[in-house]
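Work through the exercises below with the structure open. Try each task before you read its solution.

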Amino acid sequence: MRTVRHPLSPSTSGTQRELLSLHYGSAGAGPKVYIQTALHADELPGMMVLHHLRHQLDTLEAAGELRGEVVLVPVANPIGLNQHLMYAHLGRFELNTGENFNRHYPDFATELLDTVRGRLSGDEDHNRRVIRQALDQWLMAQRPTTELACLRLHLLRLAHDADVVLDLHCDFEAVMHLYVEEPYAHTPRADALARCLGAEAVLYAKGSGAALCFDESLSGLWWRLAERVGADTPVPLACLSSTIELRGQTDVGGAWARQDAEHLMQYLTHLGVVAGQAEPLPGARCAPTPLAGVQTLRAPHAGVIDYHLTPGTPVKSGDAIATVVEPMSNQATAVRADIDGLFFQRQIQRWATPDMDLGKIAGATAFKTGELLTP
Ligand SMILES: [Zn+2]
């Protein structure tokens, strides 16, 4: 295993942070898989998963059983990891700019279209090489001036040529679920990922909104370019990139982490990164559903949230999910499902502000347009 340190440009005098990347196997010998954790720095289950995964990869590498390359970034956001305000950890937004650490990644199809258009042919493999080379050159030419931009660029440079990118996050309180872009949602690699991890919801969208997430930036390059250059110059779906929600913020226990690490090893074996016969894939726990089919439950007014259901419960339209109790007026209002689906996520706090997001239901039918993710 090779360790590489990537200094971030300092945000002030007298201090400098760095990223650490761990490189297993060898480049070009097989598929490349890139895994990072805690881009939202207060979402920690992935750190525990990598704690176990590293031991397994160390053993496999020593035994000569790695056929591809695995790159791990166990702390994807050292800036957010150090953002505490009055004892509260604020890891989702950079305090300086207010920007979400997992938004504002480049739309590479737009950036690279003019560069690659005249160099593509009728051969998919040739086009994959041309596009990856152009992406590499674009990334190497960037000169970020802020620490946040420097962080984003380092992560992209590490991940840009991976065949599979896994961005390990978690939700407030939730079951295992993941996000993929729609063109990839029914591909064998995405299906295998969901099965290996035991995902209870797989949510897909063709672009979730204007400010691209890390995973969308990397996977979106390929389908967005394919649509622009046309079928005569085929562009493969060369990077399956997924945001994986490893349950809830407090689900960092060793049993979950060991199990998830084993499941990731199973997936790596299935991809051919690890030598040996892959075990048969487990059955799928869900079918992929559209992100535009997710109902966000809203607080009708301020008050204490009394949840009636835990994440992972199938619901029908009309079912009461929670009651919000306003203690001065004593008003109690039920919050109900408007669709059939899986109640998969809820808040970690129990005081609601008006219109607050109280939870989500994954339904099979798309009914929303516009921005599909919370900022
Ligand atoms: Zn997150």
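Angles under 35 degrees count as roughly parallel, over 145 as roughly antiparallel, 65 to 115 as roughly perpendicular and the rest as oblique. Keep these cut-offs at hand. Note also that this is a predicted model.

**Exercise 1.** Describe how α1 and α8 are oriented to each other, and list the residues that make their contact.

*Solution.* 
Step 1. Find the helices and their angle. Helix α1 covers residues 45-62, and its axis comes within 8 Å of the axis of α8. The two axes cross at roughly 55°.
Step 2. Apply the cut-offs. An angle between 35 and 65 degrees belongs to the rest. α1 and α8 are therefore oblique to each other.
Step 3. List the contact. α1 brings Pro45, Met48, Val49, His51, His52, Leu53 and Gln56. α8 brings Trp256, Ala257, Arg258, Asp260, Ala261, Leu264 and Met265.
Step 4. Sort these residues. The contact of α1 with α8 holds 9 nonpolar, 3 polar and 2 charged residues.

**Exercise 2.** Into which domains is the protein divided, and which element of domain 1 gives the most to the side that touches domain 2?

*Solution.* 
Step 1. Domain 1 is 2-287 and domain 2 is 290-362.
Step 2. Take the distance. The C-alpha centres of the two domains lie 31 Å apart.
Step 3. Count the contact. Domain 1 gives 14 residues and domain 2 gives 13.
Step 4. Find the elements. On the domain 1 side, β8 (173-174) and β10 (201-205) each give two or more residues. β10 gives the most, with 4 residues.
Step 5. Sort that side. It divides into 7 nonpolar, 4 polar and 3 charged residues.

**Exercise 3.** How many helices and strands does the protein have, and what is its radius of gyration?

*Solution.* 
Step 1. Count. There are 8 helices and 20 strands.
Step 2. Compare. The radius of gyration is 21 Å, close to the 21 Å from the globule rule for 375 residues, so the protein is as compact as a globular protein of that length.

Key
Residues numbered from 1 in each chain as written. Predicted model: local features only at pLDDT ≥ 70, side-chain atom pairs only at ≥ 80, totals over all residues. Domains from an automatic or database assignment. Contact = placed C-beta atoms within 7 Å. Nonpolar A, V, L, I, M, F, W, Y, C, P; charged D, E, K, R; others polar. Rg over C-alpha atoms; globule rule 2.2 N^0.38 Å. Axes fitted to C-alpha atoms, helices over the stretch in contact; angles between N-to-C directions.
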